[in-house]
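Have the viewer open as you read.

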Amino acid sequence: MIQKITGGCPCLLYLNLSYTLITNQSLRAIFSLQYLSLAHCRRFTDEGFIALTTEEGGRNLMHLDLTACIQMTPKGFEYISAGCPSLQEAVMNDMPTLSDTCVLVRPRVDVMHWCRNLFTCALGNNQITDVSWEALCGFSAALSKLHVVECPGMTDYGMRYVASLKHLNYLDVSLCSRVTDAGIKYLTEGPSAYKLHHLSISQCVKCCIFVFGKHFIRLHKLFHLNLSYCEKVTDMALEYLNGSSIQSLDLSGCNIRDQGLDSLRKIKLKKIVIAKCIFVTDMGIEVHIFQPFVASEADVRMERYQHSVISLFMPSYFPSGQKLCGNVRDLENIDISQCPALTDSSIKAISFYCRSLLRLKMAACPQVQFAYAYRVNLILNEENLSKYEKATVKRYSTQRHPV
C-alpha cells in the first residue's frame with residue numbers, strides 16, 4: 001500500500017504514518033519526503049534506514065518524528081546521520097533506549113553530522129546526559145526550539161550549554177528535576193536572552209526564581225512563562241515578574257496567595273492560569289482585578305451601560321466606591337479551576353471587569369454555582385461556550401427572568 005501511495009504521488013512531501021504497522025520494506029520506498037512521522041511504529045528496525053546511506057531518498061528529509069520507537073539502536077541513528085543532511089526537526093520523545101551513544105553516533109572527530117541544520121529538537125528520556133547537550137548545542141548553532149521534558153539527566157551544567165545557543169526562542173525543560181535557579185540564570189546571561197519568548201519550567205521542584213529574579217528583566221521578549229507545580233515559587237518570587245513583557249502566565253499548583261496576585265499588577269496579561277492554587281481567595285482576585293486607572297470618556301460610558309445592564313440581574317453586587325479595571329482589560333483567558341476558596345463574588349468581578357474575556361474555566365470550584373455562568377455570558381462570546389453551557393445558561397436565564 002505504501003509503495004502505491006508514494007509511486008502514484010511523486011510530488012508527495014508530507015506523510016504521517018504514526019501508529020501503523022509499517023515495515024522495513026515499506027520504509028525504503030518513502031524517503032523522497034520532507035516530513036515523515038513514524039511515531040509509535042514498532043515493526044521496522046534499524047535496517048529500514050540503510051536506504052538513506054545508499055540512495056538519494058533522505059537528502060530532502062527535514063522533519064522526522066521517531067517518538068516511542070523503542071526498537072531503534074545507535075546503528076539506526078548512524079544511518080540517519082549519514083543520510084539526512086537537511087534534517088531540521090527531530091522528535092524523539094518517549095524513547096527509553098535513547099542514550100548519549102545514540103545522539104553522538106560516531107567517533108568524536110566526526111560527531112553530530114545529523115544535527116548541524118537542526119532548528120527544532122525534542123528529546124525526552126532518562127539516559128541523555130550533559131555529554132549529549134554539549135554536543136547537540138555545540139553543533140546545532142541554528143537551534144531555536146528545544147523541547148526537553150522529563151529528562152533527569154539535564155542538570156545546571158547542561159543548561160549552561162543550552163544557554164550558549166544564539167537563536168533559542170522556545171525552551172521547555174518541564175519535569176527536569178535536577179534543574180535549579182542556577183541553571184535558569186544561565187539563560188538570562190546567554191546570547192539568546194533577548195530572543196526567548198517561551199519558557200516552561202513546570203514541575204522543576206528546585207526552581208523558585210529567587211536567584212535569577214533580578215536578572216529576569218533581561219528576558220524582555222518573553223511572552224509565555226510556565227511555573228506550574230513549582231512548589232518553591234511563592235508570593236515574594238512573583239514580585240520579580242513586575243514590569244516584564246509576559247502575556248501568558250501559568251501558576252497552576254503553586255503555593256501563592258492573594259498577595260502574589262497583587263504583585264502582578266504591572267503585567268499586561270492576556271492569559272493567566274491559577275488552577276489548584278488552594279490559598280487564593282476572592283480577595284486575591286479582587287486585588288488583582290480592581291486596579292485604578294485614568295478613565296476615558298468611552299470607558300465611563302461603557303461603565304454606565306454595564307452598570308445598568310448587570311444591576312438588573314445583580315442588584316446587590318455594586319459596593320460603594322467601585323473602581324474601573326485598568327490593568328486586565330485585555331485579559332482573554334483565565335483558569336481558576338479547583339480553587340476551593342473562590343466563590344461567586346470572583347465570578348461576578350471577572351465577568352464584569354474583564355471586557356475582552358473569551359474563555360473562563362472554573363471547573364471543580366465547590367463554592368461557585370454553575371448558575372452564575374449566565375452572568376459571564378454577558379461578556380463572553382457565545383461561540384466560546386459549549387452546547388451544554390449555552391443550554392444551561394439559556395434555561396437558567398429563562399427560569400429566573402421569564403420574558
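Let's start with Cys 230: its closest cysteine sulfur sits in Cys 204, 5.7 Å away, and that's too far for a bond. Keep in mind that this is a predicted model, so every distance here is computed from predicted coordinates. A disulfide needs the two sulfur atoms within 2.5 Å.

| Cysteine | Closest cysteine sulfur | Sulfur distance | Relative accessible area |
|---|---|---|---|
| Cys 230 | Cys 204 | 5.7 Å | 0% |

How many disulfides does the cut-off give in the end? The count comes to 0.

Asp 172 belongs to strand S7, which covers residues 170–172. What Asp 172 does have is a side-chain polar contact with Ser 174, at 2.6 Å. Leaving aside residues up to four places away in sequence, Asp 172 touches Leu 146, His 147, Val 148, Val 149 and Ser 200.

In H13 (residues 344–353), 9 of the 10 residues are buried, so the helix is largely enclosed by the rest of the structure. Among those buried residues are Asp 344 and Lys 348, along with Ile 347, Ile 350, Phe 352 and Tyr 353.

Helix H4 spans residues 74–83, and its buried residues are Gly 76, Phe 77, Tyr 79, Ile 80, Ser 81 and Gly 83. What covers them? The cover includes helix H3 (51–54) and helix H5 (100–104), plus strand S3 (63–65) and strand S4 (89–93).

Finally, the whole protein. There are 15 helices and 13 strands, and 52% of the 403 residues are buried. If you take the contacts between residues at least 6 apart in sequence, 70% of them link residues at least 24 apart. The exposed surface comes to about 18,600 Å², with carbon and sulfur atoms supplying 54% of it.

Terms used. Residues are numbered from 1 along each chain as its sequence is written. This is a predicted model: local features need pLDDT of at least 70, side-chain atom pairs count only at pLDDT 80 or more; totals for chains, interfaces and linings use all residues. Side-chain values use heavy atoms; hydrogens and water are left out. Buried means under 20% relative accessible area, exposed over 50%, partly exposed in between (1.4 Å probe, protein chains only). Helices (H or I, at least four residues) and strands (E, at least two) are DSSP runs, numbered from the N terminus. A polar contact is a pair of N or O atoms within 3.5 Å; within protein, one must be able to donate a hydrogen and the other to accept it, and residues adjacent in sequence count only if both atoms are side-chain atoms. Contact means heavy atoms within 4.5 Å. Accessible areas come from the Shrake-Rupley method with a 1.4 Å probe; for residues, only the protein chains shown count as cover.
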